[in-house]
Amino acid sequence: MAAKRIVLFGAPGAGKGTQAQWLCDALDLAHLSTGDMLRAAVANKTGIGLKAKSFMEGGKLVPDDIVVGVVVEAIAHSAKTTPSGYALDGFPRTLPQAEALREMLAKRNENINLVVLINTPEQLILDRLTQRRSCSDPKCGAVYNLKSKPPRNEGVCDVCGNPVVQRTDDKPETIKTRLQAYRRETEPLVGYYKKACVLVDIPGDGSVYEVAGRILEAVAKLGH
Ligand code: AP5
C-alpha cells in the first residue's frame, strides 16, 4: 500500500498531538512532532536546542531554517524505519516551511496526501491548554489534561513514573502570544493547502474518540 504523508494542522491546543498519537498507532505511521523534537533538543542542550529555547519559552516560532533542518532529517529517518508513512504534527507553520516541504518532497517524487485542519473553538483551546500537563521526561512525552485525562496518581506520569508538569509555554501570557503567532504566520497556510486540494476541515470539539473518528474517515477517503 502507498505510504501516507499526512499533516495535522491547527492552532496551539487544537488537539494535534493527541490525534497524531492516535492516528499513528492506528495506521502504523511515524509521529513527527516538531514541538517534541525541539523540546528534546532543549532538554539535551544541543546546538539546535540552545538556539530554539528562548523562542519557545516566549511562545514565538523558532526560525524556519532551524525547523526545516530538523524535519528534513526526521523525514529521511522515518523513510527507513517506517515505510508506511508519517503524520507531521506542528509542521509546516509558515509559508516558507510549506514551500521547503513541497520542494523536499518533490525531489523524492512525493507530496503531502492530506492536511487535516483540526478546527477547535478558541474558548475550548484556552481551557485545554491551561489544564494540560505533560510528563517532565521528554523521552516519554505523555500528555495529560486535569479535566479530560488526569494522571491516575496526581502529579505522576502513568507511563514512566516521572513528575507531571505544566509546559513553560502553557502559561496564560505565553498562550496568548502563541495564538497570535498562529493567526499571523500559520493560518494563511489554510488557503495554501486549500488551493492544493489536500485540505480537510474537521471540527475539533467533542471527545478524543469523536475527533479521531472524523480524522480516520478523512484518511479512509484517500485514494478513492
Ligand atoms: P508544539 O508543541 O507544536 O505546540 P503547539 O502547536 O502550540 O501545539 P500544542 O502542543 O500546544 O497543542 P496540540 O494541538 O498538540 O494539542 P494537544 O493534543 O496537546 O510547539 C511548541 C513550540 O515549539 C512552538 O510554540 C514553537 O516555539 C516551536 N515550534 C514547533 N514547531 C514549530 C515550527 N514548525 N516552526 C516554528 N516553531 C515551531 O491537546 C491539548 C490538551 O487538550 C491536552 O491536555 C489534551 O489532553 C487535551 N485534549 C486534546 N484533545 C481533546 C479532546 N478532544 N477532548 C478533551 N481534551 C482534549
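A charge sits over a ring if NZ of Lys or CZ of Arg is within 6 Å of the ring centre and within 35 degrees of the ring normal. Select Lys149 and Tyr144 to view such a case: the charged end of Lys149 sits over the ring of Tyr144, 5.3 Å from its centre.

The model on display is predicted, so local features need pLDDT of at least 70 and side-chain atom pairs count only at pLDDT 80 or more, while totals for chains, interfaces and linings use all residues. Residues are numbered from 1 along each chain as its sequence is written, and side-chain values use heavy atoms, with hydrogens and water left out.

Rings of Phe, Tyr and Trp (its six-membered ring) pair if their centres lie within 6.5 Å; planes under 30 degrees apart count as stacked, over 60 as edge-to-face and the rest as tilted.

Select Phe9 and Tyr182. Their ring centres are 6.3 Å apart and their planes stand at 55°, so this pair is tilted. Phe9 belongs to strand S1 (residues 4–9) and Tyr182 to helix H7 (residues 172–186), so the pair ties together parts 173 residues apart in sequence. Helices (H or I, at least four residues) and strands (E, at least two) are DSSP runs, numbered from the N terminus. Phe9 counts as buried at 2% relative accessibility, and Tyr182 counts as buried at 9%. Buried means under 20% relative accessible area, exposed over 50%, and partly exposed in between (1.4 Å probe, protein chains only).

Finally, select Trp22 and Tyr209, an edge-to-face aromatic pair with 5.5 Å from centre to centre and 80° between the planes. Trp22 is partly exposed at 36% relative accessible area, whereas Tyr209 is exposed at 60%.
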